[in-house]
Amino acid sequence: MALDCHCHLSAGDFDQDIEEVITQSKQAGLLGLVAVAEHAGEFDKIIQLSLRFPGFIFPCLGVHPVQETAPNQQRGVSLQDLDAALPLIEEYKDHLVAIGEVGLDFTPRFVSGEGDKDVQRQVLVLQAELAKRLDLPLNVHSRSAGRPTIQLLKEQGVERALLHAFDGKPSVAMEGVKAGYFFSIPPSIIRSGQKQKLVKQLPLENLCLETDSPALGPEKQVRNEPRNILVSAEYISKIKGLPLETVVEVTTRNALRLFPKLKSAIKL
């Protein structure tokens, strides 16, 4: 009975068959899905999904460090993107289990210099402050920015954070472990040597499961779905030499510690 701690159910990929996707998720043994946002334009859709599937889809609203301006066109986040989102987060705050997807993304095509990085940092700091005020954890993106992200979270006094699909070195991730942060593992671990090294070195007590649906599935260019969560769990059990049941039980308990609001809806 697993939890998908990070997925994008508001993506257009799921518009035609969301009912079937949810049914198959439940049949696969999922207890719930944490649905994250990337921009204000999808906040209402995520809230509506959580109301349509109560006690199973849990909303998580925030502003991603990379914003899509048109199909296949992206840019770094701006403070204006956050300004558009903040009133809606306040409006929906009682529904939320976390703030996210937030973070840093220093992939070269999204940042042209320190100015762009500084804007991303400002947006993340403001959302970290919001999360602390609302007593919510952060659901964090950190592509090509593992160390700076963890460092900033620590500087801001963030105590509860999930670093999803972390792409940095295990030694950098261990800095997050020491701060009490969790790391969620997607099904793409089966084709990622970096994720496999991460799982090998990080304690199971700091791991959670995610799919990042519709991305990061077992196969490239194939839509990922929450039901693939067991691919992550099975590979973690293989790497750590532990029973699958142990991996699922521990990662689920980790998720409930990270997202306290889930406890009232999910009984183990």
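Colleague: Which residue in β8 does L138 stand opposite?

Modeller: Two strands pair if DSSP finds at least two bridges between them. In this predicted model, L138 stands opposite A161 in β8. Strand β8 covers residues 161-164, and three bridges join it to β7 in a parallel run. Helices (H or I, at least four residues) and strands (E, at least two) are DSSP runs, numbered from the N terminus.

Colleague: How many bridges join β6 to β7?

Modeller: Four bridges join strand β6 (residues 98-103) to β7, and these strands run parallel. G100 has N139 in β7 as its bridge partner.

Colleague: In what order do the strands of the sheet follow one another?

Modeller: The open sheet has eight strands in the order β1-β2-β3-β6-β7-β8-β9-β10, with parallel pairing. At its edges are β1 (2-7) and β10 (207-209), each of which pairs on one side only. On average, neighbouring strands of this sheet are turned by 30 degrees against each other, direction ignored.

Colleague: Before we continue, how are the numbering and the values to be understood?

Modeller: Residues are numbered from 1 along each chain as its sequence is written, and side-chain values use heavy atoms, with hydrogens and water left out. As the model is predicted, local features need pLDDT of at least 70 and side-chain atom pairs count only at pLDDT 80 or more, whereas totals for chains, interfaces and linings use all residues.

Colleague: Are the residues on the two faces of β7 buried or exposed?

Modeller: Buried means under 20% relative accessible area, exposed over 50%, and partly exposed in between (1.4 Å probe, protein chains only). Strand β7 (residues 138-141) is covered on both faces: L138 and V140 on one side, and N139 and H141 on the other, are all buried.

Colleague: Why does L153 count as buried?

Modeller: L153 counts as buried because its relative accessibility is 0%. This residue belongs to helix α5 (residues 146-155). Contact means heavy atoms within 4.5 Å; leaving aside neighbours within four places in sequence, L153 is in contact with L138, V140, V158, A161 and Y181.

Colleague: What is the state of D15?

Modeller: D15 is partly exposed, since its relative accessible area is 43%. D15 lies in the loop between β1 and α1 (18-27).

Colleague: How is the packing of two helices described?

Modeller: Two packed helices are described by the angle between their axes and the distance between the axes. Axes are lines fitted to C-alpha atoms, for helices over the stretch in contact, and angles run from 0 to 180 degrees between N-to-C directions. Helix α3 (residues 79-92) and helix α4 (residues 114-134) have axes that come within 10 Å and cross at roughly 15 degrees. Therefore α3 is roughly parallel to α4. Angles under 35 degrees count as roughly parallel, over 145 as roughly antiparallel, 65 to 115 as roughly perpendicular and the rest as oblique.

Colleague: Which residues make the contact of α3 with α4?

Modeller: On α3 they are L79, L82, L86, I89 and E90, and on α4 V119, Q122, V123, L126, Q127, L130, R133 and L134.

Colleague: At what angle do α7 and α8 pack?

Modeller: Helix α7 (residues 193-201) and helix α8 (residues 229-240) pack at about 60 degrees, with their axes 9 Å apart. The two helices are therefore oblique to each other. Here Q196, V199 and K200 in α7 meet Y235, I236, I239 and K240 in α8.
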